[in-house]
Amino acid sequence: MLEAIEAFGPAAFLRTSFYAYPIINLIHVLAIGALVTAAALMDLRVLGVGRAVPVDTVVRYLRLTAIVALVIAILSGFTMFSVRPSEYFFSDVFRIKMLLLALALLNALLFTSFRAHRNAESIGTKLMALISIGLWVSVAFAGRLIGYTM
């Protein structure tokens, strides 16, 4: 399976192009930045920052930004993964990043499913917001570590 990913046409192009991989990497970093920022702003609002703006309003405007950024990050991330899938797949840092990403997405899914933002004063909701901030920052940090460990 990893060999098939590596043989994928765009992967070969990325390995031979001087500009393509850095551009995809930049897109990935910008998407992760937008995602972490949108998530953190929603979480901070749930935690009580910016009380002048209703939580529902903040979530309504930033959720779409977070979703679009997530899709771009996943697509660009898979594209970068396709260049060296065997190396990434067996990298402990990459696996930690994927675990953190899965936990962050699960937390976001639970938060959305329970419409937790509608009960922003709940200790459980505030705890989920704190966990969210920690997880998303950790995902970004682990992603940066990949560049230094491979």
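What follows is a chat about the labels and the values behind them.

Mentor: Ground rules before we start: this is a predicted model, where local features need pLDDT of at least 70, side-chain atom pairs count only at pLDDT 80 or more, and totals for chains, interfaces and linings use all residues. Residues are numbered from 1 along each chain as its sequence is written, and side-chain values use heavy atoms, with hydrogens and water left out.

Trainee: Which elements does the protein have, from the N terminus on?
Mentor: The order is α-α-α-α-α-α-α, with seven helices and zero strands. Helices here are DSSP runs of H or I with at least four residues, strands are runs of E with at least two, and both are numbered from the N terminus. The C-alpha trace spans about 50 × 25 × 25 Å along its principal axes.

Trainee: Why is the span of H4 said to agree with what a helix should give?
Mentor: The expected span is 1.5 Å times one less than the number of residues. H4 covers residues 55–81, which is 27 residues, so it should span 39 Å, and its end C-alpha atoms are 36 Å apart, which agrees. H4 also bends by about 30° at Leu62, the bend being the angle between axes fitted to the seven residues ending there and the seven starting there.

Trainee: How do you know that the span of H7 agrees as well?
Mentor: Its 27 residues should span 39 Å and its end C-alpha atoms are 38 Å apart, so the span agrees.

Trainee: What makes Glu3 exposed or buried?
Mentor: Buried means under 20% relative accessible area, exposed over 50%, and partly exposed in between, using a 1.4 Å probe and protein chains only. Glu3, in helix H1, has a relative accessible area of 57%, so Glu3 is exposed.

Trainee: Which residues of H4 are buried, and what do they pack against?
Mentor: Among them are Val55, Val58, Val59, Leu62, Ala66, Ala69, Leu70 and Ala73. The buried residues of H4 pack against helix H1 (2–7), helix H3 (20–46), helix H5 (85–89) and helix H6 (92–113). In H7 the buried set includes Met128, Leu135, Trp136, Val139 and Ile146, and what covers the buried residues of H7 includes H3, H5 and H6. Buried residues make up 38% of the 150 residues in the protein.

Trainee: What makes H3 and H7 roughly antiparallel?
Mentor: Their axes come within 9 Å and cross at roughly 160°. Angles under 35 degrees count as roughly parallel, over 145 as roughly antiparallel, 65 to 115 as roughly perpendicular and the rest as oblique. That makes H3 roughly antiparallel to H7. The contact involves residues including Val29, Ile32 and Leu35 of H3 and Ile133, Trp136 and Val137 of H7.

Trainee: Why are H3 and H4 given that label too?
Mentor: The axes of H3 and H4 come within 8 Å and cross at roughly 155°. That makes H3 roughly antiparallel to H4. Axes here are lines fitted to C-alpha atoms, for helices over the stretch in contact, and angles run from 0 to 180 degrees between N-to-C directions.

Trainee: And what makes H6 and H7 roughly antiparallel?
Mentor: H6 and H7 pack at an angle of about 155°, with their axes 8 Å apart, and they are therefore roughly antiparallel to each other.

Trainee: Which hand does the crossing of H6 and H7 have?
Mentor: Left-handed. That label is used if the near helix is turned anticlockwise from the far one by less than a right angle, and right-handed is used if clockwise. The crossing of H3 and H7 is left-handed, and so is the crossing of H3 and H4.

Notes. Contact means heavy atoms within 4.5 Å.
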